[in-house]
Every structure is written in C-alpha cells, then in structure tokens.
Amino acid sequence: MSRTALTPLLLVAGLAAAGCGADASTVVMAPSSFTGLTAGIDAALDDEPDWIIAGSNRLVRQLADGARADVLITADETTMAAAVAEGLVTSEPVTVATNRLVLAVAPGNPGSVTSVDDLSDERLLIGLCSVEVPCGRLAAEARGRLGLDLAADTEEPNVRSLARKIAAGELDAGLIYATDAADLDLTTVDDEVLGVFVTDYLAASLNGEPSPVIEFLRSPQGRLLLTAEGFVTP
Amino acid sequence: MSAPPRPTPPAIAVPAALAVALLALPVVGLLQRAPWSTLLERLTSTEILDAIRVSVTVSVVAALLCLALGLPLAWILARHEGRSIAVLRILVLLPMVLPPVVGGTALLFALGRRGLFGEWLNRWFGVTLPFTTAGAVVAATFVALPFFVTTVESALRDEGPALDEAAALAGASPWQTFVHVTLPALRGSIAAGVALSWARALGEFGATITFAGSLGGRTRTLPVEAFLALEQDPETAIAVSVLLLAISLSVLAVLRGRWLDR
C-alpha cells in the first residue's frame, strides 16, 4: 500500500483511539436545575465526579443509548419511573430534594407582575418550560388545576434557558423552579396558590454500589448545600 | 467520444469512500429507525403541521433575504480590494464558525428587548424581535447568509471584471452592467447560493431557539420540534427528521435539474 493511502487510515485509527479515552472517575447525570450545585458537591467530595447536566428525559435517553454513568438524578418521579421501567435503573431510587414552582419576574419587574393571573396578559412577554420537560409538566399541572389562561410567548426546552431569558429582561415573567430563581438572584412574586406545585428529585446508583454523591446529598452538610440553593430537603 | 475511464488510484478512492460512508451512514441509521407504519399519522398532527408552516415560511423568507442582502455584499467583496474588505470577508464567515447557540445569544445581546440596538428598536418603533416569527427569520438569515455570499462571491471572482469592462466600454452604467451583464452570467451561482442558504435556514436550530424561543405556530420550526420531541417521543423526532430530509432532498433535486447542472 502506498504511503499516501495510509493517511486516512491513520486518521481513522486516531479517531478510534480518541473515542476510547474514557477514564475511571465517577460520572453523575443530573438535571439542569443542579447546575448551581455541582461546585459545592465537588468541593465536599474526595474524588470530583464528572457531571453530565441536561434535561432529565435527555439523560434517560442517553442512558438508553448506551451512555456510561454511575449515578442518575432526575427532576421528577415520572422520569425516574421511566428509567426504572426501561431497566436502566436497578437499585431503589431515593428522594434527595424537593423543588417548587415560583413566579419569577425580570429585574425591576417592568411588567408589574403581582400574581399568576398576570400570566394571561397578552401585552407581557411570558415564558414557560415546554411540556416535554419536568418544569413544563409542573406548569401545565398548575395551568390545569388553577384554571389559568397562560399567554406564553415561548416554551423553552429547559428551565435554565427560561430562567436566563427572564434574568436578561427579555421576558417579563415565567414559571421556573425556586432553585433557578435563587441561583440567578431573580425576584420572585409571592403567590401562595403555587405552593402545592412541587417536584421530587430522585437519585439512583447505577453501578450497584452505594454512591458517595447520593450519601453526601442526604448528609446534614449536603442538605445545607441544597437548602442554600433553594431546594427543600426531605 | 471521451476516453475510457482510467482506474481511480487508491489514494483517492479510499478517502473518498470514507467520506461517502461518513455522509451516508447517519442517513441509513435514521431511515432504519423511522416509524414507517405510523409516519403519516405522526406528521399530520396539528403540532407538526404548524411546525411545517413555520419552517417553510422562515426558511423561504430567510433565503430571499440572503439573496436581497447577500448579492450586493458579494459584489462589493468581489470587486474591491483592501484591508477593510479583508475584515469584511472574515465577518461574513463568522456565523459559519460561531456555534449557533452562541450566535443566538449574541443576537439577543444586540437585538433583544434589552439589547444594544434592540432597545432602540423597541423604544422608537415598538418592534420586539425575540419570540416572534420575524425573530426566527433574523436568526435563520444570520446563519445562512455566509453560504450565499461565499458561493456568489467566488463565482463573481472567477468570472472576473472583463465582461464588466466590455459593458462599460459599450457605454453601460455600473447599475446597467450589474443588472444586464453580471446577473445573467451568475444565474447558476445565484441559484446555488439561494439553495444552500435555504437548506441551512431550514435545518437551523440553535440560534433560533436561543433568539426566538419556541412557541407552536409562531417560532417552533421543524428542527426545534424534533429536538423537543426527542425528550419524550423519539419516534416522532425521527419522523420529523425524515420529513426534513425529504423536503430538502426534493427541493435540491429540482433545483439541480433546473439550474445547477452546468
């Protein structure tokens, strides 16, 4: 074989080698709303885990498609139940935190939003999460049970992108998680009718061994960290 | 009569075959996972029909904007020299290099309601681009423009100024030359540029969802619909991808038959 013909073969070999470069550190799959927690967890553990942060459904999808992970944390029970049903999770999931839906407004509250009823105002720019993701399901539940007529201008693919658009003042208001509001220092409007819309965060070990990450989250120190980020702990 | 084809040397055949494999394998992968029996049903739901309408509107308007704005820009780039032209040429390529999500964020910083220029748009004209179909068109045009400009600019350079000079000698004004000499000579490249920019606009996702958000019937295009469907209903996401593939292939095939064959 001539030397020039070898070049592409070497390229392919190089690509294959690059794909095999997995190391042995713990991989934790966590939902978008855990973004603000990772630094605190890293600091508390001896071995910093590698984080895969994405929407809960997407994480389960990735697992089903063969992604390797040691811990799965989902932002609601439905998604964890789906992972269990698909045989991706064999250990018993535990509740590590609870999040709640809050009405967040843009800095300075330019839309003068005072209650969830303002979310039906067509003149305001209102954002929700898409119903495909947990925070959107929770908002849809609130819409149904409170009989709200929500005039959404966008349904974002994850709570983080929604929260950022509210923080940037591009949206007047939206229904996001308490944790994202706390993390981005967003002003929230107290509306007690939202109090019942909560979601449990479930964690499960995927490698058959107890996970230091889950143990930490359930320890007093871990609970303190979760509470500081706006979560309620069990 | 052309000479009988000579065998292709392996140094060319092997990498070319690898390129074909890289391009074709994902398509095969997509097609073998497609839910053929329920395809029509999935693609005629209200949500998907809305997304088709939004996608067609946004991509066609974006391609026309690329033509209207990109053709004069390509002409300037091809017919002038100098440092500012070199800088301009890099600027044109920027949307190709920039991750689309970053491009969308940059658009938000510039043209968002609280953006550098968006604030004026809002205050003076009452125009707010984000979260509107117009915003989706802006995002799609931003990412598609380089494809039109680079295609037409290189054709203009290849053609060279000789025809223009001849027209000028014959007494034509620069504008007459542009309309009656340059444009007809470039017909094929302009069609290719429109086709490329339209295809890029049709598949556009990152800048759109970042700048224009996602609302059914307004800004939720087929790629955004596919992305969201992946969360819970991957089969519908695959069906939407097959549809995107079919739309783009058939349009490109028609264009190739009509104008691009040279």
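Reading along the sequence, chain B runs α-α-α-α-α-α-α-α-α-α-α-α-α. That is 13 helices and zero strands. Before I go on, please keep in mind that this is a predicted model.

Some overall numbers for chain B. Its C-alpha atoms fill a box of roughly 65 × 65 × 30 Å along the principal axes. The chain has 262 residues, and buried residues make up 36% of them. If you take the contacts in chain B between residues at least 6 apart in sequence, 76% of those join residues at least 24 apart.

Now the helix packing, and I will stay with α7 of chain B for a while. In general, two packed helices are described by the angle between their axes and the distance between the axes. I have two pairs to show.

From α4(B), the contact uses B:Val92, B:Leu93, B:Pro95 and B:Met96. From α7(B), it uses B:Phe142, B:Val143, B:Leu145, B:Pro146, B:Val149 and B:Thr150. Sorted by class, that contact has nine nonpolar residues, one polar and no charged.

The second pair is α5(B), residues 100–111, with α7(B). Here the axes come within 11 Å, and the crossing is at roughly 125°. So α5(B) is oblique to α7(B). The crossing of α5(B) and α7(B) is right-handed. On the α5(B) side you have B:Pro100, B:Gly103, B:Gly104, B:Leu107 and B:Leu111. They meet B:Val138, B:Ala139, B:Phe142 and B:Val143 in α7(B). The classes for this contact are seven nonpolar, two polar and no charged.

On to the nonpolar cores. In soluble globular proteins, nonpolar side chains tend to be buried together. The largest nonpolar core in this model has 92 residues. Which of its residues touch the most other members? They are A:Ala104, A:Ala173 and A:Ile176 from chain A, with B:Ala139 and B:Ala144 from chain B. Helix α7 of chain B, residues 133–159, gives this core its largest share, 14 residues.

Take B:Ala144 from that list. Leaving aside neighbours within four places in sequence, B:Ala144 is in contact with B:Ala62, B:Ala63 and B:Cys66, and also with B:Ser197, B:Arg200 and B:Ala201. There is a second, separate core of 30 residues, which includes A:Ala83, A:Ala97, A:Ala204 and A:Leu206.

Next, the contact between the chains. It takes 21 residues from chain A and 21 residues from chain B. On the chain A side, α1 (3–19), α3 (56–64) and β6 (152–156) each supply at least two residues. Which element gives the largest share of that side? It is β6(A), with five residues. By class, the chain A side splits into seven nonpolar, seven polar and seven charged.

One residue of chain B to look at here is B:Ile209, in helix α11, residues 206–211. B:Ile209 is buried, because 26 other C-beta atoms lie within 10 Å. Apart from neighbours within four places in sequence, B:Ile209 is in contact with B:Ser214 and B:Val224 in chain B, and with A:Pro157 in chain A. B:Ile209 and B:Ala136 are 73 residues apart in sequence, and their C-alpha atoms are 8.2 Å apart in space.

Last, two backbone points in chain A. Most residues other than glycine have a negative phi. A:Asn109 has a positive phi, near 45°. A:Asn109 sits in the loop between β4 (94–105) and β5 (126–129) of chain A. Is A:Asn109 exposed, partly exposed or buried? It counts as partly exposed, because it has 13 C-beta neighbours inside 10 Å.

The other one is A:Asp185, where phi is positive and near 55°. A:Asp185 is in the loop between α7 (178–183) and β8 (187–189) of chain A. A:Asp185 counts as exposed, because it has 8 C-beta neighbours inside 10 Å.

Technical notes: Residues numbered from 1 in each chain as written. Chains lettered and ligands numbered in written order. Predicted model: local features only at pLDDT ≥ 70, side-chain atom pairs only at ≥ 80, totals over all residues. Contact = placed C-beta atoms within 7 Å. Helix = DSSP H or I, 4+ residues; strand = E, 2+ residues; numbered from the N terminus. Nonpolar A, V, L, I, M, F, W, Y, C, P; charged D, E, K, R; others polar. Core = buried A, V, L, I, M, F, W, Y, C linked by C-beta atoms within 7 Å. Buried ≥ 20, exposed ≤ 12 C-beta atoms within 10 Å, placed from the backbone. Axes fitted to C-alpha atoms, helices over the stretch in contact; angles between N-to-C directions. Parallel < 35°, antiparallel > 145°, perpendicular 65-115°, else oblique. Left-handed = near helix turned anticlockwise from the far one by under 90°.
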